[in-house]
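Okay, thanks for coming, everyone. Let me put the chain up on the screen and then talk you through it.

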Amino acid sequence: MIDINELRAHPDLFRASQKAREADESLVDRILDADAQRRTAITEFENLRAEQNAFGKKVAKAQGEEKQQLLTQVKQLAAEVKATQATADAAQQTQQALLAQLPNLVEEGVPSGGEEDFTVLRTEGTPRDFGAEGFEPRDHVEIAELLDGIDMERGAKVSGSRFYFLKRDIARLENALLLAAQDLALDNGFIPMTTPNLVRPEVMSGTGFDVEHDDEIYRVEKDDLYLVGTSEVALAGYHMDEILDLSDGPLRYAGWSSCYRREAGSGGKDTRGIIRVHQFNKLEMFVYCTQDQAAAEHERLLAWEEHMLQACGLSYRVIDTAAGDLGTSAARKFDCEAWVPTQGRYRELTSTSNCTTYQARRLNIRERLPETTGADGKPRKAGTRAVATLNGTLATTRWIVAILETHQQRDGSVVIPDILRPYMRGQDVMRPVN
C-alpha cells in the first residue's frame, strides 16, 4: 500500500494525485483521521500496559488486605487493557482498509483527467496509404478467413462469444510473435518464465486488483482461485514475502501465459474479431528494482516495446496515459498504439507501467540495504526497504490485427515481417487457402 509516513508528511501530494485521477480526495483525510485515532489508541494501550506492569510489582511486595485491594485494581486494569487493545486493533483495521482503497501516488507530469485526456509523446512511422495503391484494405477477420486462419463461429459454439480458434499460418504467426518477443527479452537480461494461470486471492489483491468488486476477473469459486488477466500477477507474487538481493541490478522476468478477461464493461465494443476477447496469449516483462532505478527502467521497457513494434513494421504512437485511466497500482503508464487501417485510428498494443513501491508493499517484497556510514562518520546498520516493480507488454494476440491489416496485399496474402520469419521456417508470405 501507500507508506503512511509519506502520506502523513505530504497529504497535499496525495490529494492532488486523487484529484488528477478524478477520484475521491476526501479519502486522504479519512485515512489521516483513522491514523490519528489509531495512534491515540495505541498510546492509551501502552500507557495502561505500563501501569499494569507497575501494579504487578506492587502486588508482589504487598501482603494481607493491601494485596487484595491491589489484586482487585489489577483485575479492573486488565479489563481496561483488553478493551484498549481491542480499540487499537479496530483502529488499525480501519486504517488498513482505507489505505487499501487508495491508489498509487501518480508521478509528477502525468496528465490529469480520464481516458481521453492522454498526451501523445510521439508518433512513429507513416500509416500505409491504400488509396494510393488502388485497393480497399480488408479488416483482420476477412484476411484471416481468406487464409483459413480463424474460426470465430466455432469459437462461439464451443466457448461462447468473444472466443475463437486460430488455425494454420495465423496460429503459427501468434507463436512466432511470442517467440520473437521472448528472444528479445532474453537478449536483454530477462529470465524467461511460464507462469501459472490461476493465483490465490492474496496475490491478485496484492498486485492491486480489487477481487471483491472487479467484474473483469474470472473467479474459480470452488477453489478460491482467480484466472489472471496478465502474467504480471503471478510474477508479482513470485517473490512475495521475500527479501531480494538487487546488488547486481534489477531482476527481470519475461512471463508467457494465457490471459483471461471478462470484458464486463465493453458493452458491445469491438465484438468483431480478436481485438477485445476473453482469452489471449501474452509475453509480459516484469521487473523488480530499487526505488531510484524505477524511472530509468520504465524508459527501457518502453524502448523494448517500441523496438518490437518497429521490427514488425507497424506505425504507432506513444501516449502518456492520463491519471484517471491508470490502474490502481500504476504511478505512470505509457501505451503504444498501432495504426489499424480499416478502423482509421490507433489501437493499444502495448502498455508499460511503473508501479513504484505500491505492489511491493502489499506483497511484502523488500531489498536488503547494506551497512553504511553516516555524515557523522558513524556506521548505520543494514536494513530493508520496499522494492519497485514495473511491467510491460512485449507481444500479445492482438498484434495479429495490426500485422494482418498493415501488411496485406491486393490478392489477400500477407507479407510476414522479417523478425518473425525465422520462427515460421523461413516463410515470407501467408497466402489465401483455396
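So, β9 and strand β10, residues 279-289, pair in the antiparallel sense over ten bridges. Strands and helices here are DSSP runs numbered from the N terminus, E for strands with at least two residues, H or I for helices with at least four, and two strands pair if DSSP finds at least two bridges between them.

Before I go on, the housekeeping. This is a predicted model, so local features need pLDDT of at least 70 and side-chain atom pairs count only at pLDDT 80 or more, while totals for chains, interfaces and linings use all residues. Residues are numbered from 1 along each chain as its sequence is written, and side-chain values use heavy atoms, with hydrogens and water left out.

Back to β9, residues 251-260. Is it mostly covered or mostly open? Mostly covered: eight of its ten residues are buried, where buried means under 20% relative accessible area, exposed over 50%, and partly exposed in between, with a 1.4 Å probe and protein chains only. β9 also pairs with strand β4, residues 191-194, this time in the parallel sense over four bridges. There, Met193 stands opposite Gly255 in β9.

Zoom out and you get an open sheet of eight strands, in the order β1-β11-β12-β13-β18-β10-β9-β4, with mixed pairing. At the edges stand β1, residues 119-124, and β4; each has a single partner strand, so one side of each is left without a neighbour in the sheet. On average, neighbouring strands in this sheet are turned by 25° against each other, direction ignored. For the angles, axes are lines fitted to C-alpha atoms, for helices over the stretch in contact, and the values run from 0 to 180 degrees between N-to-C directions.

What lies across β4, β9, β10 and β18? That's helix α8, residues 168-187, which runs at about 140° to β18, residues 388-396.

Further along the sheet, strand β11 (residues 316-320) and strand β12 (residues 332-340) pair in the antiparallel sense over five bridges. Arg317 stands opposite Glu337 in β12 there. Now look at Asp320, also in strand β11. Its relative accessibility is 4%, so Asp320 counts as buried. Skipping its neighbours within four places in sequence, Asp320 is in contact (heavy atoms within 4.5 Å) with Gly109, Val110, Pro111, Phe118, Thr119, Leu121, Arg332, Lys333 and Phe334.

There's another sheet, with three strands: it's open, ordered β8-β14-β17, and mixed in its pairing. The edge strands are β8, residues 243-244, and β17, residues 383-386, each pairing on one side only. Strand β14, residues 366-369, is joined to β17 by four bridges and the two run antiparallel. Leu369 has Gly383 in β17 as its bridge partner.

Asp241 has a positive phi, near 60°, without being a glycine. You'll find Asp241 in the loop between α10 (232-237) and β8, and it's exposed at 52% relative accessible area. Arg425 also has phi near 60°. Arg425 is in the loop between β19 (414-415) and β20 (429-430), exposed at 82%.

Last, the whole chain: 13 helices and 20 strands. Of its 434 residues, 48% count as buried.
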